[in-house]
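Student: Could we go through this model together, a few questions at a time?
Tutor: Gladly! Here it is.

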Amino acid sequence: MNIALIMLAAGNSRRFGSNKLLFPVDGRPMYQITLDRLKQIKADLSQEFECKVIVVTQYEEIRKYASEEEIQVLINPHPEEGISSSIQIGLRENQDADACLFAVSDQPWMTARTIENMIRAFFRSGKGIGCPASGQEGQTGNPCIFRKTYYRELMELEGDTGGKKVIRQHLDDTFVYELKDEKQLEDVDVPLMEKGCYERNGQ
């Protein structure tokens, strides 16, 4: 299986008040945590899947770091068009991939092991879409993975609408990977000091 691990890192962080992807967690910019996690996943799954890591961004610092790490960079020239624009930029370059996994850059508590296990379970399930969920209400989150079947629908998204719209339309073909640790699904929309969070739980 050929899987593209696409990191979405072009958002304007309006609710955060500054570029949250550069905000330090454990002393490192948040985007680096996500990129390094995807690199680890690629290495860990190399015997099972053919993986490549791609980052979609508008930021020079992220472009420079990813390039130094030999990660493919795609520039989003119109980030104001919302997350759908980044999804589609990533997809255009990976039409031949059997599946694309989209990871957001503001989930510092999500672990590489969780994503690896979700990918394995997703392909065993035979479903066309996969995502994690946690809690009594089964709240779904990121990252999400889509087989090629759904690329056309993802390319039709508009504005600040992500893959969850496609998931809601195909719940019968969605594999949900249950997490015991709800914190892994948390994203960062306000500075961590305001939330009383300074460190990630584990790797």
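Tutor: Let's start with a cut-off: a residue is called buried when its relative accessible area is under 20%. Please keep in mind that this is a predicted model.

Student: How many residues of strand β6 are buried?
Tutor: Strand β6 spans residues 99-104. On one side A99, L101 and A103 are buried, and on the other C100, F102 and V104 are too. Both faces are therefore covered, given that buried means under 20%, and the count of buried residues is 6 of 6.

Student: Which residue in β6 is the bridge partner of I3?
Tutor: Strand β1, residues 2-9, runs parallel to β6, and 6 bridges join them. Within this pairing, the partner of I3 is A99.

Student: And in β9, which residue is the bridge partner of L101?
Tutor: β6 also pairs with strand β9, residues 144-147, in the antiparallel sense over 4 bridges. The bridge partner of L101 there is I145.

Student: How many residues apart are K39 and E69?
Tutor: Their side chains meet in a salt bridge, 2.6 Å from N to O. K39 sits in helix α1, whereas E69 lies in the loop between α2 and β5, and the separation is 30 residues.

Methods
Residues are numbered from 1 along each chain as its sequence is written. This is a predicted model: local features need pLDDT of at least 70, side-chain atom pairs count only at pLDDT 80 or more; totals for chains, interfaces and linings use all residues. Side-chain values use heavy atoms; hydrogens and water are left out. Buried means under 20% relative accessible area, exposed over 50%, partly exposed in between (1.4 Å probe, protein chains only). Helices (H or I, at least four residues) and strands (E, at least two) are DSSP runs, numbered from the N terminus. Two strands pair if DSSP finds at least two bridges between them. A salt bridge is a side-chain nitrogen of Lys or Arg within 4 Å of a carboxyl oxygen of Asp or Glu.
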